[in-house]
Amino acid sequence: YNFTDPRDGKIYPCVQMPDGKWWFAKNLSYATPNSQTYNHDPANETIYGRLYTWGDLANACPSGCHIPTDDEWTTLTTAIGDDAGTKLKANSSLWSTNTGTDAYGFSVLPAGYRLDGGAFGSLGGYALFWSSSEYDPSYAWSRYFDYADASVYRTTFDESNGLSLRCIVDEVSVAS
């Protein structure tokens, strides 16, 4: 199943995951006011999508989709079970150490992050994804994939930093 973003025409492959939901199998790449590509390089957007501040989440996903909550991320990783990080990471040489099997077609790539001050880091080493759930007024829940680890970590991140986004499709029609 492919979802076409009506705002810019970009196409996102979607996969039905063990939690029963249809998730984007590619990082979001819609340009919001504060989103950026890693190192401001357009080639990185093609591969890794864009990095978003938490404040950009309200308008990031297209209509008919939403940013996963912290609970939805937990439900997904619990449904996958042991070694969820390995099973969700793309089997790709883009990872510093390729430990991904991409067992579900979720295809997590190591897009790195952007710090509030503008510095970029960890391309090839880490993937970090926002949830739509706040921890407190300055931090939000996120998920962290490490190049050398089989787990998916639940952590908080400063909302002014730039992380990747995945969307969940709210309803998939039978015709799709």
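This is a predicted model: local features need pLDDT of at least 70, side-chain atom pairs count only at pLDDT 80 or more; totals for chains, interfaces and linings use all residues.

Visitor: What is the strand order in the open sheet?

Guide: The order is β1-β2-β3-β10-β4, which makes five strands, and the pairing is antiparallel. β1 and β4 (65-66) stand at the edges with a single partner strand each, so one side of each has no neighbour in the sheet.

Visitor: How many bridges join β1 to β2?

Guide: Three bridges join these two antiparallel strands. In one of the pairings, F3 has Y12 in β2 as its bridge partner.

Visitor: What holds strands together in general?

Guide: Strands of a sheet pair through backbone hydrogen bonds, and the pairing may be parallel or antiparallel.

Visitor: Next, helix α2. Which of its residues are buried?

Guide: In α2, residues 70-80, the buried ones are D70, E72, W73, L76, T77 and I80. These residues lie on the same side of α2, because they cover an arc of only 165° around the axis.

Visitor: Why would residues a few places apart point the same way?

Guide: An α-helix has 3.6 residues a turn, so residues three or four places apart point the same way.

Visitor: Which exposed residues are on the face turned away from the buried side of α2?

Guide: That face carries the exposed residues D71 and T78. Just after α2 comes G81, with a positive phi of about 85°.

Visitor: Changing topic: how many salt bridges does the count come to?

Guide: The count comes to seven salt bridges. One of the pairs is K21 with E72, whose side chains meet at 2.7 Å, N to O. This pair links distant parts of the chain, as K21 is in the loop between β2 and β3 (22-24) and E72 is in helix α2, 51 residues apart.

Visitor: Is K21 buried or partly exposed, and what about E72?

Guide: K21 is partly exposed at 31% relative accessibility. E72, at 12%, counts as buried, because the limit for buried is under 20%.

Visitor: Which residues form the salt bridge network?

Guide: The network links D8, K10, E45 and R50. Within it, the side chains of K10 and E45 meet at 3.1 Å, N to O. K10 lies in the loop between β1 and β2 and E45 in helix α1, so this pair ties together parts that are 35 residues apart in sequence. The side chain of E45 also meets that of R50 in a salt bridge, at 3.2 Å, N to O.

Visitor: How accessible are K10, E45 and R50?

Guide: K10 is partly exposed, at 31% relative accessibility. E45 is buried at 16%, and R50 is buried at 12%.

Visitor: Where does G49 lie, and is it buried or exposed?

Guide: G49 is in the loop between α1 (42-48) and β4. Its relative accessibility is 5%, so G49 counts as buried.

Visitor: What does G49 contact beyond its neighbours within four places in sequence?

Guide: G49 is in contact with N27, L28, S29 and N44. Between the C-alpha atoms of G49 and A31 there are 9.6 Å in space, although the two are 18 residues apart in sequence.

Visitor: Finally, where is G9?

Guide: G9 lies in the loop between β1 (2-4) and β2 (11-16). G9 is partly exposed, with a relative accessible area of 44%. Y30 is 21 residues from G9 in sequence, and their C-alpha atoms are 9.7 Å apart in space.

Technical notes: Residues are numbered from 1 along each chain as its sequence is written. Side-chain values use heavy atoms; hydrogens and water are left out. Helices (H or I, at least four residues) and strands (E, at least two) are DSSP runs, numbered from the N terminus. Buried means under 20% relative accessible area, exposed over 50%, partly exposed in between (1.4 Å probe, protein chains only). Two strands pair if DSSP finds at least two bridges between them. Contact means heavy atoms within 4.5 Å. The arc is that of the directions from the helix axis to the C-beta atoms. A salt bridge is a side-chain nitrogen of Lys or Arg within 4 Å of a carboxyl oxygen of Asp or Glu.
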